[in-house]
Amino acid sequence: MTRQAQDLEVFVQQQVGAVVYGLEDVIHALTIALIGAGHVLLEGPPGLGKTLLSNTFARVLGGEFKRIQGTADLMPTDLTGVHVFDSQRGAFVFRRGPLFADVVLVDEVNRAGPKTQSALLEAMEERYVTVDGERFPLPNDFLIVATQNPRDFEGTYPLPESQLDRFMVCVQMGYPSRAHETRILAEYGLPGRTRDAVAVQTLPSGALAAARAELASVHLSDALVGYVLDIVSASRQTSNVGLGLSSRAALALARCARIEAALRGADFVAPDDVKRVAPWVIPHRLVLAPDAVLEGASARTEVERILAAVAVPRDAS
């Protein structure tokens, strides 16, 4: 087996890690979503470098980057674009919105209203936008990185379950360690020190396609398929969960586990690969029962309980 996926992650970790510090696990999750052609939801308080991370990630990929700020008055056309009248041509022409970039950061996505969320949902799922009844395709490697404030922050809307299910992974970003924060102050504490001040290399052409093609050689045994389905089934049967995992979630869990195996250089998926990606794939898709919430349960602790309860297959090769 070749090591295209491993080489891609090493490159991305080195380049992005030269700009943002202490986020190796987050970059790892981003790499999984990139190879899996999925979208990413970043959760955490403001000011932790989510915009810098997304911008740097786009620079390393060599794609166009756009940022959208979620606000209550954000309209669908602010994302998709709009037809405007061109007096020279004597006709209406389509002016593309920021969704037509390769990497789009939707900052504070849960501050946007339902109509705007609907337009974003179409782009995430169908990879095109519809304006005035006409479809416009998005870039081939279109990637949404959305940030979400905690739900108790003022002015936020809970994202609908159907939209949360479209994010392949959801990653928690916490406060940096003292050592990393000391480095942040040293590197970015001076006036004029911008995110573009650190030069990064661009991913070689064809590297992403090669990493994706490599996944076909990573074996997912029948036993591992059964293990994934047992986890999904357990999420639907526990009394603490009001809405369990969908078939889309099962596909995401299996796909991410396959990518995780490729990133560690293996040619088969092991149970530990499933367990490794489960905290990124599952929690944001679960809707807890009201009684469980009152008792202090969380989606992440529920995932831990499910993984502990589901039997691991003995022969997973």
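Val 104 sits opposite Ile 144 in β8. The strands here are DSSP runs (E, at least two residues), numbered from the N terminus. Strand β5 (residues 103-107) is joined to strand β8 (residues 143-148) by 4 bridges, and the two run parallel; strands count as paired if DSSP finds at least two bridges between them. This is a predicted model, with local features needing pLDDT of at least 70 and side-chain atom pairs counted only at pLDDT 80 or more, while totals for chains, interfaces and linings use all residues. Residue numbers start from 1 along each chain as its sequence is written, and side-chain values use heavy atoms, leaving out hydrogens and water.

Zooming out, 5 strands make up an open sheet with parallel pairing, in the order β2-β5-β8-β1-β9. The edges go to β2 (65-69) and β9 (169-172); each has a single partner strand, so one side of each has no neighbour in the sheet. From one strand to the next, the twist averages 20°.

Now for the helices (H or I runs in DSSP, at least four residues). Helix α2 (residues 24-35) packs on helix α3 (residues 50-61) at about 50°, their axes 12 Å apart. Axes are lines fitted to C-alpha atoms, for helices over the stretch in contact, with angles running from 0 to 180 degrees between N-to-C directions. α2 and α3 are therefore oblique to each other, the label left once angles under 35 degrees (roughly parallel), over 145 (roughly antiparallel) and 65 to 115 (roughly perpendicular) are taken out. On the α2 side, Val 26, Ile 27, Leu 30 and Leu 34 make the contact, with Leu 53, Phe 57 and Leu 61 from α3; contact means heavy atoms within 4.5 Å.
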